[in-house]
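Subject: A structure for you to look at

Hi there,

Here is the structure I promised to pass on to you. Please open it and keep it beside this email while you read.

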Amino acid sequence: MELRKKVSNLLDNVKPIAKPSLKVAVVTTFAVSPFLFSKSSITLANDSKLSMAKSRFGVASKKNMRRITNSNSQIYLPSKLNTAYISEKVHPFPANHFPSITNFNSEDVTLNASAIIIDGKPVAYVRNREAAEQVVRKLELNFVTENELNKFDAMKSSLMDSFSPLKENESRLLDIHLSKNIVLQEANVSPDKIMPIENAVALLLKGANQEIKYRVQEGDVLGRIANNNGLKLAELLKLNPQLTEKSLLMPGQEITITEPEPYVEVIVEKEVSQKETIPYSEEVINDPNLVKGESRVSQQGLAGVESVSYYETIENGKTVMKELTKKVILGQPIKQIVIKGSKVAPSRGEGIFIWPADGGYISSQMGYRWGRLHKGIDIARPSDYTIKAADNGIVISAGWDGSYGNKIVIDHQNGFQTVYAHLSSIRVGVGETVQEGSPIGIMGETGDATGIHLHFEVYKNGILKNPLQYLRR
Ligand SMILES: [Zn+2]
């Protein structure tokens, strides 16, 4: 009964403020309001969630006036009216209207303040109504920028240009509303109950702890459950009188914990248009002529580009719905083609060596020189400094070795070993299987060497041999 009366007062108050051009929308909008008001705020909150998806782009929800300023208390409407901000007539603060407030006034000294009432319960007090309005504004500004909010307000009041298609990489706030009914109302409270604006915003976002059930997992201990949920062990035990510090937990057992639940959620609906890349796919082609482990890209992949538009619903910063509305492919992706070797590489040599360089000549034979044994042949002036494995094998040593400089030793798994010395750089590692003719390093003059050349030695069963005996040339 009270409510009915309030609704008619409210309608009386509101109509004259509406712009004539808004007539249709306003009528539609307020025709809905008695229905909203006739329900308790709890149902309202539920309704608002249910109706979100349906009412998203209804004219009423978009064009209705978000704020209609006014007197002593305002209501932030959820649901179809979304963020409409409607004034109430000044009521001589009736004790029975919001009983929870008056119950609160037990202090001797009280100050006039503004109560932020959610679902009929005062959750915070700030110094005056202006501060309370700022709390709501700041709450919204946690999730949208000032600029977005201003544009949104302008769009609503102008009715012009509100649906021009979005340009690329543009986004537009379509709606912002609260999940619950917030009422701002004058109240007399003790001074210590009045909090700064920022604290009130933080409180609304953080909310109150709700008790929920937690199912014990394998390996859980009380201390960790408490810690993971921001509780002290003593607090957890208080919530669960049946437990003591020494209680043994069983997996699957249910215990009570608390979890903060925001007092109110800011629901933001956005329209977004942006360029996105389309990843390219990769195709692998096996090549039996290429040694396993080797691969090469035969066609370089290239990402595509598309222009997408979507509607997004975000609750307290978390995307809860994303609906693609348009997708235009601006450039198709090009797939990457990779050739992968499938030939299993033998590591055993044949016992005959190929010339380990690209051309060149023997600048020094094996034998005694100036009273010392020259243990291999020197190959100089190749047409290319790449050094090749003389036969299939496994690298057993690769690195610096005194007067040899950078040196590689290949074991051909058949009793033969070959040595390559004075390299300027080494391209293989110990344990690596190499194929006859595969590049293993670059010719240089490291160690005890004069001029760029390759020093090449051959051993058979550990005994030094003259390479010329085994070189196929
Ligand atoms: Zn030499």
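Two things to know before you start. This is a predicted model, in which local features need pLDDT of at least 70 and side-chain atom pairs count only at pLDDT 80 or more, while totals for chains, interfaces and linings use all residues. Residues are numbered from 1 along each chain as its sequence is written.

Helices (H or I, at least four residues) and strands (E, at least two) are DSSP runs, numbered from the N terminus.

**A helix to begin with**

Take a look at α6, which covers residues 129–141. This helix has 13 residues and reaches 18 Å from its first C-alpha to its last, close to the 18 Å expected at 1.5 Å a residue (the expected span is 1.5 Å times one less than the number of residues). Which residues of α6 are buried? They are Ala132, Val135, Val136, Leu139 and Glu140. Here, a residue is buried if 20 or more other C-beta atoms lie within 10 Å of its own, exposed if 12 or fewer, and partly exposed in between, with C-beta atoms placed from the backbone. Seen down the axis of α6, the buried residues fall within an arc of 135 degrees, so they line one face of the helix; the arc is that of the directions from the helix axis to the C-beta atoms.

Next, find β24 (residues 416–423). Eight of its eight residues are buried, so this strand is largely enclosed by the rest of the structure. Two strands pair if DSSP finds at least two bridges between them. Five bridges join β24 to the antiparallel strand β23 (residues 406–411), and Ile410 has Thr418 in β24 as its bridge partner. The hairpin of β23 and β24 has four residues between the strands, and Gln413 there takes a positive phi near 60 degrees. β24 also runs antiparallel to β28 (residues 453–460), joined to it by six bridges; Ala421 stands opposite His455 in β28.

His422 counts as buried, with 26 C-beta neighbours inside 10 Å.

**An open sheet of four strands**

The strands in this sheet follow the order β5-β9-β12-β13, with antiparallel pairing. At its edges are β5 (170–178) and β13 (318–331), each of which pairs on one side only. Twelve bridges join β9 (residues 266–278) to β12 (residues 304–315), and among the partners are Lys275 and Ser307, the latter in β12.

In the loop between β12 and β13 you will find Asn316. Asn316 has a positive phi, near 45 degrees, in a residue other than glycine. Is Asn316 buried or partly exposed? With 17 C-beta neighbours inside 10 Å, Asn316 counts as partly exposed.

**Out in the open**

Strand β11 (residues 295–299) is hardly covered, as the count of buried residues among its five is zero. Four bridges join β11 to the antiparallel strand β14 (residues 336–343), where Val338 stands opposite Val297.

Finally, Asp448 is in the loop between β27 (439–442) and β28. Asp448 is exposed, with 12 other C-beta atoms within 10 Å. The C-alpha atoms of Asp448 and Ser403 are separated by 4.5 Å, although these residues are 45 residues apart along the chain.

Enjoy exploring!
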